[in-house]
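Hi everyone, thanks for coming. Please bring up the sequence and the structure so that we can walk through them together.

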Amino acid sequence: MKNSASPDIDAVYIALPNALHLEWILKALDAGKHVLCEKPLAMSAVECEEIARKADETGLKVLEGFMYRFHPRFEKLQELLGANAVGTLTFVHVAHSFDAGGDDNIRWYAGLGGGALFDAGCYCVNMSRMVTGQEPAHVAAFGNYRDANDDGRIDTSIAGMLRFPAGATALFDTGVNLERRNFLEITGTGGRLYLENPFGLLEEDSVLEEHHFGQDTIFHKIKGGNHFVRMGEHFAGSVLNGTPLRYDLTDAANNARVLEALDQAARKARR
């Protein structure tokens, strides 16, 4: 790593393709630098656990960059769920898709960790785990595939289901060759919450809808904010002040574990 010994550098931000995260996170930690890394942190739970061990050995901070978790709209969503706004949580439905464009896009290279599930679906899985506060007991998935630019087959879109121990079911769909879609709906025995564009950058104000059995919809107007900036401020504060990160590497490993299971289930179903 160039200039790795520079005392002027406290931390690095890694925005490389997914499959390169592990190598460069470890190099950064060996160079004595804290790390903020784009999601997903790594391509498997085993890789995440390797990163966690190195972080423990060096005493350095590593944060997986799911930026949406730092936006005021997600904090409001967690507040409403904590207040039992939907009753017993029953269904989570989340979608995240867009068009990645031409064949030169990194998402079409299997060796770079491309494909819909690890690029966009990781958000859906993370969101489902965040709002349920649990790890899924069962998963199912179905995918559509194309030839990768380097070798093998790569997923263009994935639909999946996560079943959680307390009885909630999360349904998600994601794709990188589709029209842009981005929404979250949380349904329970006492109501429903709906959020448009949960992963988008909304520096303008946004609205979180709360519905209850024919009553007037409650519109929670939420002040805008740059979730990348808020995530960076949290990370920097943790580095400078020694305070804990809001999300640890166990969470990153658990998310990777679910992604691996979904990928295996979709490829098995395809066969």
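Predicted model: local features only at pLDDT ≥ 70, side-chain atom pairs only at ≥ 80, totals over all residues.

The protein chain holds 6 helices and 11 strands. Its C-alpha atoms fill a box of roughly 60 × 50 × 35 Å along the principal axes. How does the radius of gyration of the protein chain fit a compact globule? With 271 residues, such a globule would be near 18 Å, and the chain has 19 Å, so the two agree.

Now let's look at a sheet. Strands of a sheet pair through backbone hydrogen bonds, and the pairing can be parallel or antiparallel. Here 3 strands make an open sheet in the order S1-S2-S3, with parallel pairing. The edges are strand S1, residues 11–14, and strand S3, residues 62–65, each of which pairs on one side only. On average, neighbouring strands in this sheet are turned by 15° against each other, ignoring direction.

Let's zoom in on one pair. S1 and strand S2, residues 34–38, are joined in the parallel sense over 4 bridges. If you find Val12, its bridge partner in S2 is Val35. Which strands does helix H5 touch as it packs on the sheet? Helix H5, residues 227–241, touches S1, S2 and S3, and its direction makes about 160° with that of S2.

Next comes a hairpin. Strand S5, residues 138–147, and strand S6, residues 153–163, run antiparallel and are joined by 10 bridges. Ala140 stands opposite Met161 in S6. The hairpin has 5 residues between the strands, and Gly152 takes a positive phi near 75° there.

Last, two helices. A packed pair is described by the angle and the distance between the helix axes. For helix H4, residues 116–132, and helix H6, residues 249–270, the axes come within 10 Å and cross at roughly 120°. Are they perpendicular or oblique to each other? Angles of 65 to 115 degrees would count as roughly perpendicular, and H4 and H6 are therefore oblique. The crossing of H4 past H6 is right-handed. On the H4 side, the contact includes Leu117, Phe118 and Val125, and on the H6 side, Val258, Leu259 and Leu262 are among the residues. The residues of this contact divide into 8 nonpolar, 4 polar and 4 charged. One of the charged residues is Arg129 of H4.

That's my tour, so over to you for questions!

Technical notes:
Residues numbered from 1 in each chain as written. Heavy atoms only, no water. Axes fitted to C-alpha atoms, helices over the stretch in contact; angles between N-to-C directions. Helix = DSSP H or I, 4+ residues; strand = E, 2+ residues; numbered from the N terminus. Parallel < 35°, antiparallel > 145°, perpendicular 65-115°, else oblique. Left-handed = near helix turned anticlockwise from the far one by under 90°. Contact = heavy atoms within 4.5 Å. Pairing = 2+ DSSP bridges. Rg over C-alpha atoms; globule rule 2.2 N^0.38 Å.
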